[in-house]
Amino acid sequence: MTSLKKKLKPFVVNNRFLYSMYNTYITIAKTRKRSAIQKYGFDVLDHIHAVLEKEGIVFFLDFGTLLGIVREGRFIDHDVGLDIDVVE
């Protein structure tokens, strides 16, 4: 586990709102991964953005998530995850 992941894990676990969103997303994603991203992806990103911005953590989209948003204006159909990176 990288040092940044070590720093972020307690933040996510200790933030009830973010942890709840994470657990909800994981539960949905396990049952309907592709449709969950298409249906709830922007909502999850909005919540993540709000929490990270409040804490002063800079993040950006990466990999398939970034590609889909830039190229297609939405998530790529076959994408099953949200790719987010943070600036350390």
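Arg74 forms a salt bridge with Glu72, with the closest N and O atoms 3.4 Å apart. A salt bridge here is a side-chain nitrogen of Lys or Arg within 4 Å of a carboxyl oxygen of Asp or Glu. Salt bridges that share partners join Arg71, Glu72 and Arg74 into one network. Side chains of opposite charge can pair when their charged atoms come close. The side chains of Arg71 and Glu72 meet at 2.8 Å, N to O. The structure holds two salt bridges.

The model is predicted; local features need pLDDT of at least 70, side-chain atom pairs count only at pLDDT 80 or more, and totals for chains, interfaces and linings use all residues. Residues are numbered from 1 along each chain as its sequence is written, and side-chain values use heavy atoms, with hydrogens and water left out.

Arg71 counts as exposed because its relative accessibility is 54%. Glu72 is partly exposed, at 31% relative accessible area. Arg74 is also partly exposed, at 33%. Buried means under 20% relative accessible area, exposed means over 50%, and partly exposed lies in between (1.4 Å probe, protein chains only).

The protein chain contains four helices and two strands. Their order from the N terminus is α-α-α-β-α-β. Helices (H or I, at least four residues) and strands (E, at least two) are DSSP runs, numbered from the N terminus. Of the 88 residues in the protein chain, 30% count as buried. Among contacts with a separation of 6 or more, 61% involve residues 24 or more positions apart. Contact means heavy atoms within 4.5 Å.

Asp62 sits in the loop between β1 and α4 (63-72). Asp62 counts as buried because its relative accessibility is 17%. Leaving aside neighbours within four places in sequence, Asp62 is in contact with Asp83 and Asp85.

The surface was examined next. The protein chain exposes about 6,200 Å², and carbon and sulfur atoms supply 57% of it. Accessible areas come from the Shrake-Rupley method with a 1.4 Å probe; for residues, only the protein chains shown count as cover. Val58, Phe60 and Val87 form a nonpolar surface patch, with about 260 Å² of accessible area together. Patches are made of residues with over 30% relative accessible area and no salt bridge; like charges are joined within 9 Å, and nonpolar side chains (Val, Leu, Ile, Met, Phe, Trp, Tyr) within 5 Å. Val58 lies in the loop between α3 (33-54) and β1 (59-61).
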